[in-house]
Amino acid sequence: MIFYDTHAHYDDGRFDSDRETLLPELYRQGIGLINTIGTDIPSSRASIALAEQYPFIYAVVGGWPGNVGDMTEQDLEEYRTMASHEKVVAIGEIGLDYYYDDVPREIQKHWFDRQMALAAELSMPVVVHDRDAHGDCMDMVRKWAGQVKGVFHCFSGSAEMAVELTKLGWYVSFTGVVTFKNARRALEAVAAVSTDRIMIETDAPYLAPVPYRGRRNHSGYVPEVAKKIAEIKGLSLEEVARITTENGKRFFRISE
Ligand code: NI
């Protein structure tokens, strides 16, 4: 059984002590593909370096909404250059975060829009971070409909929103949050969308699933997310592993 963890942050300092042993071990355990996601210029560079080091790791490059307060057009140029690397599979994580609200909303929207334009120009998919900003994120999706397709990572919207996204050709991705006690909303979204539009992820080192909640997360826990989806969809774990891996490979255009 092979799993694809489509969203993790292996440049994070919490992996400094054991990254070199952990990543090969995860691969041996059946985590056959991993995306490591940039959140600013240095972490996007670090993500590419990891993708160069490990054949089963791919990189996503972009400016996360909490980091775009001082982003410049020169940074956008740098993301454009990075995106031409053969192991870079998407622009992200980009989007809006109205929970922390660290950066003025107009600035977040500006750089979300500019990075959507970059993805459109490069014909690349996007990885979207949406925290408490569903309405404005959907406006951005509709603005670029037909030009940009993407995935909402750690999907936290309603079932209706999930269905609308999939109708527009987008995907939704779920983390260990689906294993939490208060997960009703995320589970409704899982139930509402077609299985061929679902991806799984850890968002490691954050959001470790039950029964590992509170610990440092890593891709070895992604089967817990798949188990919950299997339960809701009435599928076997093997089927969910296979379908979500196929979905991720199709979406990120990985042919191996
Ligand atoms: Ni993330």
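Author: This is a predicted model. A place to start is the nickel ion, whose site is irregular, with angles of 86 to 175 degrees among its four donor atoms.

Reader: Which residues coordinate the nickel ion?

Author: His7 and His9, each through NE2, Glu93 through OE and Asp203 through OD. The distances are 2.1 to 2.4 Å.

Reader: Where do Glu93 and Asp203 sit in the chain?

Author: Glu93 is in strand β4, and Asp203 is in the loop between β8 (198–200) and α8 (222–233). They are 110 residues apart, so the pair links distant parts of the chain.

Reader: Are those two buried or exposed?

Author: Both Glu93 and Asp203 are buried.

Reader: Changing topic. What about His218, where is that?

Author: His218 also lies in the loop between β8 and α8.

Reader: Why does His218 count as buried?

Author: Because its relative accessibility is 14%, and the cut-off for buried is under 20%.

Reader: What does the side chain of His218 reach?

Author: The backbone nitrogen of Gly220, at 2.9 Å. Leaving aside residues up to four places away in sequence, His218 touches Tyr10, Phe15, Leu22, Leu26, Thr202 and Ala204.

Reader: OK, helices now. How many residues does α4 have?

Author: Helix α4 has 18, residues 105–122. From its first C-alpha to its last it reaches 26 Å, close to the 26 Å expected at 1.5 Å a residue. Just after α4, Ser123 takes a positive phi of about 50 degrees.

Reader: Last topic, the largest nonpolar core. Which residues touch the most other members?

Author: Phe152 and Phe174, out of 70 residues in that core. The largest share of this core, seven residues, comes from α4.

Reader: What does Phe152 touch?

Author: Not counting residues up to four places away in sequence, its contacts include Val128, Cys137, Met138, Met161, Leu165 and Trp170. Asp130 and Ser173 are also among the residues that Phe152 touches.

Reader: And what does the second core include?

Author: That separate core has 14 residues, including Tyr58, Val127, Val151 and Phe251.

Technical notes:
Residues are numbered from 1 along each chain as its sequence is written. This is a predicted model: local features need pLDDT of at least 70, side-chain atom pairs count only at pLDDT 80 or more; totals for chains, interfaces and linings use all residues. Side-chain values use heavy atoms; hydrogens and water are left out. Helices (H or I, at least four residues) and strands (E, at least two) are DSSP runs, numbered from the N terminus. The expected span of a helix is 1.5 Å times one less than its number of residues. Donors are N, O and S atoms within 2.8 Å of the metal (3.2 Å for Na, K and Ca); water is not among the atoms, so sites may look incomplete. Four donors count as tetrahedral if all angles lie between 85 and 135 degrees; four count as square planar and six as octahedral if opposite donors are over 155 degrees apart and all others between 65 and 115; anything else is irregular. Buried means under 20% relative accessible area, exposed over 50%, partly exposed in between (1.4 Å probe, protein chains only). A polar contact is a pair of N or O atoms within 3.5 Å; within protein, one must be able to donate a hydrogen and the other to accept it, and residues adjacent in sequence count only if both atoms are side-chain atoms. Contact means heavy atoms within 4.5 Å. A nonpolar core is a set of buried Ala, Val, Leu, Ile, Met, Phe, Trp, Tyr and Cys residues joined through side-chain atoms within 4.5 Å.
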